[in-house]
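Please read the following points alongside the coordinates.

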Amino acid sequence: TLPRPSAPQPGDTRSHVEWCKQLIAATISSQISGSVPPPDSGDDANGYRSDSDAERAPLTLALRDGNKQAQMEEAPRVPGETIKTIAKDVMYICPFTGAVSGTLTVTDYKLYFKSLERDPPFVLDVNLGVISRLETISLQIGENNRGIEIVCKDMRNPRFAYKEEQSKLEIFETLTKYAFPLSNDLPLFAFLYKETFPEDGWKVYDPVAEYKRQGLPNESWTISKINSSYEVCDTYPALLVVPTSIKDEELRKVASFRAKHRIPVLSWIHPESQATIVRCSQPLVGPTDRRCKEDERYLQTILDANAQSHKLTIFDARQNSVADTNKAKDGGYESESFYPNVELNFLDIPNIHVMRESLRKLKEVVYPSIDEARWLSAVDSTHWLEYIRLLLAGAVRVADKLESGKTSVVVHCSDGWDRTAQLTSLAMLMLDSYYRTLRGFQVLLEKEWISFGHRFAARVGHGDENHANSERSPLFVQFVDCVWQMMRQFPSAFEFNELFLITILDHLYSCLFGTFLYNSEQERVNKEVHGKTVSLWSYMNSQVEDFTNPFYVNYENHVIYPVASLRHLELWVSYYVRWNPRMRPQMPVHQHLKELLVLRTELQKKVEELQRDVASSRSISSSSEHGPSPSHTSTPLYTTV
Amino acid sequence: MFPMRPLKPTFKSYLPPLQTEVKKTVQPPIKKLEAKLLPGEIVVNEVNFVRKCIAVDSSREDLWGKLICTNFKVSFITHDTLQLQKFQYTNRLLGEHDIPLACVEQVVTVNDAKGKQKVLGSNQKLKFNPTELIIYCKDFRIVRFRFDEAGPESAKKVCLAVAHYSHPADPQLLFGFEFAWKRHHSSTGARLNGVDIEGGPQVPLFDRPSDWDREIKRTGASEWRVCSINEGYAISPSLPEYFVVPVSLADQDLKQYSGFFAGQRLPLWCWNHPNGSALVRMASIKDPVQQRKLDQRICTAITKSHPKRSDVLKSDLDKSLPNIQDIQTAFVRLRQICVIEPFEESEERWLSSMEGSRWLEYVRAFLKHAAEVVYMLEGQHASVILQEDEDRDLSCVISSLVLIMLDPHYRSLVGFQGLVQREWVMAGHRFLDRCNHLKKNDKEESPLFLLLLDCVWQLLNQYPTAFEFTETYLTVLSDSMWIPIFSTFLFNCPRQRAEHCREFVQSKNSVREFNMLRFPCVWDWDQQFSRKDQALFNSPLYVGKGTSCIHNGTVKTFRRTKKTYSSTLRGLPSLPNGMLMEVETLPRRNSLAQRLRPDFSVAREAPESPSERFFREWLTRPADPHGLLLPQLLPSHLRLWKLYFLRWVPETQIPRGGPITAFHRLSLLADEIEALQAQLRRCGSASTSTSTVSTPNISHSESSRMYFKARSPDDLSSPPEYLTSSFPFSPVGNLCRRNILGTPFSKFLSGAKIWLSTETLASETL
C-alpha cells in the first residue's frame, strides 16, 4: 500500500546520471571504505539525501505519523523498489562501535538502518540477496528483548535488537519473505528492478564475435549448432566450438560418455601455435574401465588439430584419490593406455565442500574481531590462501603447457563446471591480454562461467532459504580472489581495478541484476532473463571511470605468470575484512597516480597556452625575425590524458 | 646494460625457455682472467677452472672462471655471460660476482665424494680437498663454487684464505684502512671512480659544532646549546665530541654529572618540537645514591629549556621493547624461512612461520613505541627522555623513528642521511659489534640498523608520497654495511675510529699524517653507483622542498616557511602542498581520501586512552605527507619487506611484475611532468626575452630525477622485460640452495642450530 518512489523515466538522462552517481557513491563507500553497508559510518547518507524533491515526497507520505526523525531516517530506494515495513527505535548492535538506535526499513531489495544519533548519521545498508540465514536471538539490552542475527554471505553478521511489540513482529517475517523470495513464491528482485542504462550489458558477450576474435572457425575447428536447443547438453551454451571433422552423430556418442553430457569443447585457441584449451567433464569410465571409441578419436582429433605437438595434456583438477573414488561411482578419468599420446596430470584441488568450509573458517577469523597477536597463523589455519595457491599453480601449469609447450590442453574435474571454469578462465587471463581489459573480463565471465553453466543459483543460493544446502560453495569468490592476487603481482597489467572486482562480487549476491542468476543458459532463456532483468554490465559500463586502473599499460600479447607462492599471496583484506573499520588498508597509491595525471593535464594546458601566447606575440612583434617557426620551437604537445 | 628492446607483437613467455640438453665443456679461457683491484687491494690466493653454480636443478647454466681471494673480496671472474640474467644493479666497487669479505657470514667446504663438509673459521686446517665451496652472505645470498676441474691444492688454499680473511683479528685488518691509506698516498689522491671523495655530500656529519648549531636553529631550540666538553673524548669514550645540552647546564655541572652515567654518557638532545618540547636520550644512572638527585637535575634543566616549562616524561626502552638478542633471534629465524629452508617445504606453513619468527611483531613494537613517544611530544606537549641502559641501541631506533614521524625534513634524502649520521654513527651505535665484522662475539650481533630500515620501509609503504627515497635506497644502504670501506658502519663510536686511525698510521711509521687517514663516507653514493643508477633512489611520488609545482596556475617553488612547517607538524590540513592541486580539479579526492582512512568516528565500548584518542583522531584525517605521520599498526598493515628479504629467491621472482611495474609507470609520468615544468619555465623566460625560445628541449633528460624516462608522451608501453619483482637485484646465481649428497640442505643442517655451527661439523669431519 506504500506509494512507489518516482523512478527516473527511461531516456531521462539527467536523472539517470544523478542516480548513477548515487549508486557509485554508495558502491565506492561500501566497497572501498565499507560504508554503505558498513555498520559503522554513515557518510553516504548525503549522497542519497541530496536527492531530488520528487523522490522525497512519496517518502514523506510513507510515514504517516509525520515523525521528523523517522522521516530523516528513511531509506532511499532504487527504481522498482518498494518499502515493505518500517520499524522505529530498533537498535543495531555494531561490533565495532557499539549499539545505536534508529529506524529500520525493509524493502523488497534491502534492509536499511539509519540513526541520527551520531554525526554524521549512521547508516547500515544490506541488500537482501546477501543474506544467507536469519536467526532470532535472545538478548536483553535495556527494553529490547528481541533480537535478529543476519548471517550474510559476504563475511558479516549484523545484529539488531528491538522491543517485543505488535508492529515489530513483522520485521522478522518480512525479512524472511523478501530475503528468500524463491522459497516464498516471490520473484527475485532483479525482475522488479526498473532502471535503464545508456548501454545494454546483455550485448557485451556475443559468442560468434568472441570466437571470431580468436580466429574461429578455422580449418580444424567449427562453431557447431548441435546444442542450439540444449538437447545434447542442457548445461552447455547453444553454440559450441568442436573439431570440424567430428560428425554430429559422433558428438552425441561422446556426450553419452561424458558426465552430464559435457563434451570436450574449445575454450581458447593460441593465435600462433593453434594449441587449444578444451574443457569438458569427466569420462564415464566406471569401475569396469568402459571405453568409448568416439571419445578416444575425439581427443586424438583435438591433438591433431595442433601441428606443433605430438602430445595432448589432460589436467584433471581433482586429487588422484578422489578421481579413483569417482571411478567407483561411474565417473573416472582417461586411461593413458586407451588414449595414446595423452598425458594425464592431477592438480590436487579439493572439492567445493572443502572450499566452503575454508571460507567459513575465514569468516570466523575476520569477523567480528581479529586476534592481533595470532593474525597470520589464524589466516594460515583456514587454508584459504593455500587453496588459492593450488588454483593459481594449476592455472599456471595449464597456461605454460600451451605457451611454452605449444601443447593442447584438456581440463576437467568431475562435472566440468566448477574447478574447470576456475582453471580455464584463469589460464585464459594469463595468456590473453584481451581478458585483462574491462570488456574482455566481462566476456570471459559471460563465456567461461555463465554460458558454460557454472551453477550460480546452486552455488550462491539466490533467494533460497536453504542455507545448509551442500551445493553452496564460494567457487566464484575464490576465482575473483585469484584475479585480485594476479592484479597485486602485476599492478599495471589489468585495465580494471579492485573496485571492479568487489562490485562484481557484491552483485553476485545482490539479485539486483540478472547476470549471475540461474544455473545455465537454458534456464536463463526460459526465464527470459535478458528481456526482464538488467545486466550488471549495463551499470558497470556506464561508469567505467570508477572501475579503471590508472596504472594500466599495454601488456598486449604478453603472457603473465603470477607466482603461486604464499610468499606473494595475501589475504584480500579490503574485501573479506572490509566491515572492520580498523582493518582498512592505507590510501592506495593509485590515488596518487590519478593526482599526477591531473597535474600533467594541467601542465600540458599551461604549456600550450604559453606557447600560443609566445607564438602570437612573436608574429606581431617581428615578422622579419628568422627564428624557427613556432611549430619547431616547441616540443610536441602531448595529447591529453 | 639496460636493454630497451622494442616489443614484438608476439606472445612471449617469461619462464626460461625449455633447454635442450647441451653439455658445456670446459673451455680454457682465451683471455687472461685478472682481478680488478682497488687501491690497497692485493690478491691472496686464486684458483682456475672453477664453476660458479647458477641454477638450482642443473649445471647447464654454470659459469667457468677463476676464483680469487683478495684482502677485500671474494672475486669470481669469468668470460661467460649469464644467460638468464636480465638485469643486475652494478656497484662500482664490486664486480658482478664479487662478495666483500665483510659480507661473508659463513664459509662451508664440501667434499661430496667423501661425504664430508666443514665450516671454516680463521686459521683452520682442512683435511680433505674440497669439491665445493658455499659462501653464506650477510645480505642473504648463498653462493656456490665447484672445484671438479680445479687444482685441488689451490682450491683448498683459496677456501682457507676466504675463511681466514673473512675473520679479521683486528679492526685495522678491515680493508677500509689499507684502502684509505693507499688512496691517500697514490697519485690519484682522494679520487675514486673519478669522484672526489673528500668534497662530496652535503650531508651534515655532525662531527663539528656548526652542524649542531644549524640543527638547533632549524628546530628553534633556543634554550639548547652545543657543548664541547668531550673534545678529544675527554669525558666519555663513546659520546661524540660535540653534542647539545640544555642552556641551564654549565660545562662544570656536566663534567661532574658524567661520572654517574653508564659509559659517562650524558643526556643527548635529539630534536625540538615547534611547541618547545624536546626529545632527549640518556643512559642509565649507575650510582643508586645519586640517581634521584641527578634525575631531578636533568629533568629540571630540560624543563627550563621548555618555553612553557612543560613536564618531562621518561620512556624506559629496556622495559618495553625486545632486547638485542631477541631481535637477532627473530632475524635469524626469518632468514631461515626466507632463504635457507627449501622453498617448497617452507611454503605450506609460510604465514605461521613468519609469525613464529616474531620479526614483524618486533617491527610493530618499535613503531608503536615510537608513535607513543610522538604522542607525548605532540599531543601532551611534554619533553621526553628516552632511557636505555647504555643509550646505544634501542634508543637509536626509537629516536630515529620519532624524528621521521614528526619532522618531514628527515624524510628527504639528505635529512635521513643526516639523521643516521647523528642518531647512530655519532651517538655511538656499536656498528662494529652489532655487524660482527670481526666475527668474534656472536652474542653482540644484532641487526638493529636493519630493523630501523624495515620500520622506515613500513612507513614508506603506508605513506609513499611522504618520502623522497625508495625501498631500493633502503636496501642498497643496508647492503653498504657489508662493504668495509665506509667509516659509517665500521666502528663502535667516533673515538674508536679516531684511535684506530691514529694507530694504523703509526704502524705505518707516519705519525704526522694521522689526520690524513680519511675513510669515504657511505653518503657519497658516487663511490658505489653511477648518477643514472642513483636515480633509482628517487621516489616519483615525492613532492618536497625545492620541487617546483603548479599552484593557482603558476609555477612555484615549494618552500616550507617556518609558519607552515609548524602548522603541518600539528597535523592540521595544510595548504596545497604535496600534490598541489586545487580541490576543484579532483572533486572527490578529499572526500574519498577521508573515507579511506580507518573510521573511528564513533566511540568504542572499551574506554579509550588519551593516546588512543590521539591516534584515532589523527587517522580520521587525511594524512599530510609533509606533516606528522603515524604508522598504522594492525597486523594487516605490516608487511614483509619483500624486496629486501626475498630478492635473491628465484622462486619468488615475478617476471615483469611486482611493485616496480607501478613504480615504472609513476616514474614515466613524473618524468613527463618534469619535462613539462621545464618547458614551462623556458616558455616563461621566453615570454620576457624572446631569444631563448628556440632552445630545443634537450637538457631535460639529463637533469631528470627519474630512472625511467618517458620516451614519448603518454608512454603506455608495458614495463621493460628486465623488470622483475627483484629489480634492481637479480637472483640469478645468488641463491644456490642445491641439495648436497642427495639430501636437502635443511636436513644436513638439522642438528646445527640455524647456520652450521662450527663445532658440530668440525667434530664430524675431523
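1. In which loop of chain A is A:D289 found? A:D289 is found in the loop between β11 (276-280) and α8 (293-304) of chain A, where helices (H or I, at least four residues) and strands (E, at least two) are DSSP runs numbered from the N terminus. Phi of A:D289 is near 55°, which is a positive value in a residue other than glycine. With a relative accessibility of 34%, A:D289 counts as partly exposed, given that buried means under 20% relative accessible area, exposed over 50% and partly exposed in between, with a 1.4 Å probe and protein chains only.

2. On conventions, this is a predicted model in which local features need pLDDT of at least 70 and side-chain atom pairs count only at pLDDT 80 or more, while totals for chains, interfaces and linings use all residues. Residues are numbered from 1 along each chain as its sequence is written, chains are lettered from A and ligands numbered from 1 in the order in which they are written, and side-chain values use heavy atoms, with hydrogens and water left out.

3. A positive phi also occurs in chain B, at B:F206, where the angle is about 60° although the residue is not a glycine. B:F206 lies in the loop between β10 (195-196) and α3 (209-219) of chain B, and its relative accessibility of 3% places it among buried residues.

4. Two cis peptide bonds deserve a check by eye. The bond from A:D119 to A:P120 is cis, with omega near 0°, and A:P120 sits in the loop between β3 (110-115) and β4 (122-127) of chain A. In chain B, a cis peptide bond joins B:F727 and B:P728 with omega about 5°, and B:P728 belongs to the loop between α23 (700-703) and α24 (745-749).

5. Turning to charged pairs, the whole structure holds 76 salt bridges over all chains, a salt bridge being a side-chain nitrogen of Lys or Arg within 4 Å of a carboxyl oxygen of Asp or Glu. In chain A, the side chains of A:E296 and A:R291 meet in one of these, at 3.0 Å from N to O. A:E296 is buried at 11% relative accessibility, whereas A:R291 is partly exposed at 44%.

6. Where do A:R360 and A:E357 sit in chain A, and how many residues apart are they? They are three residues apart in helix α10 (residues 352-366) of chain A, and are therefore separated by about one helical turn. A:R360 forms a salt bridge with A:E357, the closest N and O atoms being 2.5 Å apart. A:R360 is partly exposed at 40% relative accessibility, and A:E357 is partly exposed at 32%.

7. In chain B, B:E423 and B:R422 form a salt bridge through their side chains, at 3.2 Å from N to O, and both residues are buried. The two also belong to a network of salt bridges that links B:E215, B:R218, B:R265, B:R281, B:D391, B:D407, B:R422 and B:E423.

8. B:R656, in the loop between α21 (642-646) and α22 (659-688) of chain B, calls for separate comment. B:R656 is buried yet has no salt bridge, and the nearest side chain of opposite charge, B:E721, is 4.5 Å away; Lys and Arg count here as positive and Asp and Glu as negative, with His and the chain ends not counted. The side chain of B:R656 does make a polar contact with the side chain of A:H558, at 3.2 Å, where a polar contact is a pair of N or O atoms within 3.5 Å and, within protein, one must be able to donate a hydrogen and the other to accept it, residues adjacent in sequence counting only if both atoms are side-chain atoms.

9. A:H592 has its place in helix α23 (residues 589-621) of chain A and is buried, with a relative accessible area of 7%. The C-alpha atoms of A:H592 and A:P550 are separated by 9.9 Å, although the two residues are 42 apart along the chain.

10. Lastly, which residues lie nearest the centre of the second largest cavity? They are A:L376, A:E570, B:L351, B:L638 and B:R639, from a lining of 20 residues; a cavity is a set of points, on a 1 Å grid over the protein atoms alone, where a 1.4 Å probe fits but cannot get out, and lining residues have an atom within 4 Å of a point. Both α11 (375-382) of chain A and α9 (350-357) of chain B supply at least two residues of this lining.

Note on methods
1 Å grid on protein atoms, 1.4 Å probe; cavity = no way out; pocket = protein on both sides within 12 Å on 5 of 7 lines; lining within 4 Å.
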